Amino acid sequence: VEKLQLNTYRLNDGEWELISGGGGEAFEDTEGRIALNFGNIGDGMRIAIQSENTSSSTDWKTSEPQNLDGVSTATSYLTEVTKIEYEKEIPLVVQISTKANSISSYGMEYFYSPEKYEGQEYESIYAVTVRFSQEKLS
């Protein structure tokens, strides 16, 4: 791994729209960990990365926090060991918010099929992904 990239998306009209990330961090060690700290992903989050020899953290916040009055939220996390495929985004978190009486929570594989969320009464859907790359930072 030469580069690690964390991205945050919002589902907008059936397409994932990048709201944070898009860059990358140099990552030269063979092991490491990622920590995410958030409440409502749409309001922002803190990301920390630690490896054998380095550590870094960053955060981002929206300029206008969401009004969550009467909104329920379901958050799904990647919980199983996942094979890393270089240059492919791996969904870590999907968070759904709705004013409806029920929420259906979905597995991480639905990130690759955002059309499966269509027709639901959701106020917002966010996803956080990681991508490992063998390309060096330019």
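Tutor: Let us begin with Lys 88, which counts as partly exposed at 35% relative accessibility; buried means under 20% relative accessible area, exposed over 50%, and partly exposed in between, with a 1.4 Å probe and protein chains only. The model is predicted, so local features need pLDDT of at least 70 and side-chain atom pairs count only at pLDDT 80 or more, while totals for chains, interfaces and linings use all residues. Residues are numbered from 1 along each chain as its sequence is written, and side-chain values use heavy atoms, leaving out hydrogens and water.

The side chain of Lys 88 meets that of Glu 85 in a salt bridge, at 4.0 Å from N to O. The term salt bridge denotes a side-chain nitrogen of Lys or Arg within 4 Å of a carboxyl oxygen of Asp or Glu. Glu 85 is partly exposed, with a relative accessible area of 42%. By this rule the model contains three salt bridges.

Another of these joins Glu 87 to Arg 131, with the closest N and O atoms 2.6 Å apart. Glu 87 lies in the loop between β7 (72-77) and β8 (89-98), and Arg 131 lies in strand β9 (residues 122-133), so this pair ties together parts that are 44 residues apart in sequence. Strands are DSSP runs (E, at least two residues), numbered from the N terminus. How do the two partners stand in accessibility, buried or partly exposed? Glu 87 is partly exposed, at 33%, whereas Arg 131 is buried, at 17%.

A further salt bridge links Asp 59 and Arg 46, whose closest N and O atoms are 3.8 Å apart. Since Asp 59 belongs to strand β6 (residues 55-61) and Arg 46 to strand β5 (residues 44-51), the pair ties together parts that are 13 residues apart in sequence. Asp 59 has a relative accessible area of 41% and is partly exposed; Arg 46, at 39%, is partly exposed as well.

Met 45, with its neighbours within four places in sequence left aside, is in contact (heavy atoms within 4.5 Å) with residues including Asp 59, Trp 60, Thr 58, Leu 36 and Val 128. Met 45 is among the residues with the most contacts inside the largest nonpolar core, which has 16 residues. Such a core is a set of buried Ala, Val, Leu, Ile, Met, Phe, Trp, Tyr and Cys residues joined through side-chain atoms within 4.5 Å. At least two residues of this core come from each of β1, β5, β8 and β9, and β9 gives the largest share, four residues. A second, separate core has twelve residues, including Leu 11 and Tyr 122. In soluble globular proteins, nonpolar side chains tend to be buried together.

Trp 60 brings us to Ser 20, for their side chains are joined by a polar contact of 3.2 Å. A polar contact is a pair of N or O atoms within 3.5 Å; within protein, one must be able to donate a hydrogen and the other to accept it, and residues adjacent in sequence count only if both atoms are side-chain atoms. Ser 20 lies in strand β2 (residues 15-20) and is buried, at 17%. Five bridges join β2 to the antiparallel strand β1 (residues 3-12); two strands pair if DSSP finds at least two bridges between them.
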